[in-house]
Amino acid sequence: MDIVLAVVWILLATAVFTIVVGAFYLIYKNARGQPSPFKWRQLFVALAVLSLLFTLFGGLISIITNLQYGNP
């Protein structure tokens, strides 16, 4: 179970890293005056969805930990 949770955390962190790289790519394309394949709105929506996933997944881990070990 711990390995599955670690893999999910790594996937979520990789997705956030990809969005950050996408933001720098947009800045680069805008600075050169070239059209970009996506817009800022799409990045912000993706970041909001990932933020929600992080929050829900963190709450799920908290609930699972509390069920396994009880309140300290």
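I started with F24, which is exposed at a relative accessible area of 58% (exposed is over 50%, buried under 20%, partly exposed in between, with a 1.4 Å probe and protein chains only). F24 sits in helix α1; helices here are DSSP runs of H or I with at least four residues, numbered from the N terminus.

Before going on, I noted that this is a predicted model, where local features need pLDDT of at least 70, side-chain atom pairs count only at pLDDT 80 or more, and totals for chains, interfaces and linings use all residues. Residues are numbered from 1 along each chain as its sequence is written, and side-chain values use heavy atoms, leaving out hydrogens and water.

Next I checked helix α2.

Then the core. The largest nonpolar core has nine residues: L5, L12, I19, A23, L26, L43, L50, F57 and I61. Such a core is a set of buried Ala, Val, Leu, Ile, Met, Phe, Trp, Tyr and Cys residues joined through side-chain atoms within 4.5 Å. Both α1 and α2 give two or more residues to this core, and α1 gives the most, with five.

Last, I followed L26 from that core. Leaving aside neighbours within four places in sequence, L26 is in contact with S36, F38, K39, W40 and L43 (contact means heavy atoms within 4.5 Å).
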